[in-house]
Amino acid sequence: MRLRSFPEEGMWLKGNLHAHSTVSDGHMPPEPIFKAYEERGYDFFSMTDHNIYNAYPSDGGMLLIPGFELSCFIAGKSIHVNCIQKTERSLFGNGQKFVIKDDRETMEFLEGIKDDYLLILNHPDWSLLEYPEVKGTDIFKGLEVLNWQTEWFDRMGESTHFWDSGLRDGMRWKAYATDDSHTDYPEEPGWPFHNFQNDSFGGWVMVRVKEKSQKAIIEALENGWFYATEGPEIHDFFVEGNDVTVSCSPVDRVCCKGEHYNCKRLLRPGITGCTLPLRNNKQYVRVEVIDAKGKIAWSNPIYLDKR
């Protein structure tokens with residue numbers, strides 16, 4: 001039996017699920033941001049300004065999916081949660097603002113919207129979260145394995161260890177890569193998108209869908225039919241018998257990871273595919289591919305209890 005990470009048939013769409021404009025703490029209004037992402041080949045985009053809801057019309061090109069970033073609390077710590085709208089129906093009106101004061105209000109609010117919004121735990125490392133503080137909290141569909149802005153600025157945006165801690169404990173989290181762009185440093189030469197400090201276009205998701213629609217994209221994001229990336233491509237990833245097979249764009253490292261540390265890997269220039277043994281992993285396996293520049297792509301886990 002072959003277990004696949006994403007459907008064999010379909011198209012790939014590129015998207016960013018986390019960005020800010022002058023509506024909250026960004027430095028550019030929404031419209032030129034949309035234009036810049038569309039010009040760079042993005043197929044869908046969610047403007048997630050802090051604690052305020054706004055829906056923007058799509059013009060037939062890049063699909064705009066409503067969302068917002070909620071400032072809230074877990075274990076008394078301030079955290080951020082991305083709320084991505086699942087359907088065209090909204091629970092909120094444009095310009096509606098949100099204020100959450102404590103852990104209790106956080107859970108009440110998230111429980112109230114979880115059927116209508118995809119809930120993603122943002123930059124857990126930057127938020128100084130420890131896994132035990134969220135252990136057993138099953139309200140999040142997944143987390144940001146890469147938050148490009150906090151990684152580029154502070155080296156605190158890559159949360160692989162946090163993710164793996166949850167996976168080993170039975171949390172079936174998906175892993176998302178996003179920009180969290182604010183178009184910061186407007187005083188620098190080349191701003192907004194050609195300055196050295198540019199915080200856009202660094203992390204994204206590639207979803208496998210049958211059509212370009214909000215419904216299809218959300219279905220893929222909920223089911224894990226996507227991968228997160230800084231650049232490398234994962235063309236296929238599946239388990240058959242006791243072997244893991246990966247095909248990808250040229251990379252120098254393919255690392256298969258599961259609940260045991262002794263997963264196999266392949267190291268050599270220009271790898272575009274390989275088959276590796278599962279060894280002792282019986283719960284899940286996921287793959288990371290790393291190119292010559294150190295850029296990473298992360299698959300979502302394949303759960304081996306389905307065999």
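Mentor: The answer below treats the sheet, its helices and the loops that join its strands.

The model is predicted, so local features need pLDDT of at least 70 and side-chain atom pairs count only at pLDDT 80 or more, while totals for chains, interfaces and linings use all residues. Residues are numbered from 1 along each chain as its sequence is written, and side-chain values use heavy atoms, with hydrogens and water left out.

Helices (H or I, at least four residues) and strands (E, at least two) are DSSP runs, numbered from the N terminus. An open sheet is formed by 5 strands in the order β5-β6-β7-β8-β9, and its pairing is mixed. The edge strands, β5 (67–74) and β9, each pair on one side only. From one strand to the next, the twist averages 40°. Two strands pair if DSSP finds at least two bridges between them. In general, strands of a sheet pair through backbone hydrogen bonds, either parallel or antiparallel. Here, β8 and β9 pair in the parallel sense over 5 bridges, and Gly142 stands opposite Lys174 in β9.

Helix α2 (residues 103–113) packs on the sheet and touches β5, β6 (77–85) and β7. Contact means heavy atoms within 4.5 Å. The direction of α2 makes about 145° with that of β5. Axes are lines fitted to C-alpha atoms, for helices over the stretch in contact, and angles run from 0 to 180 degrees between N-to-C directions. Helix α5 (residues 214–223) lies across β6, β7 and β9, and it runs at about 120° to β9.

The loops also deserve attention. In the loop between β7 (117–121) and β8 (142–147) is found His123. The phi of His123 is near 25°, a positive value in a residue other than glycine. With a relative accessible area of 2%, His123 is buried; buried means under 20% relative accessible area, exposed over 50%, and partly exposed in between (1.4 Å probe, protein chains only).

The loop between β9 and β10 holds Thr183, whose phi is near 45°, again a positive value in a residue other than glycine. Thr183 counts as buried, at 3% relative accessibility.
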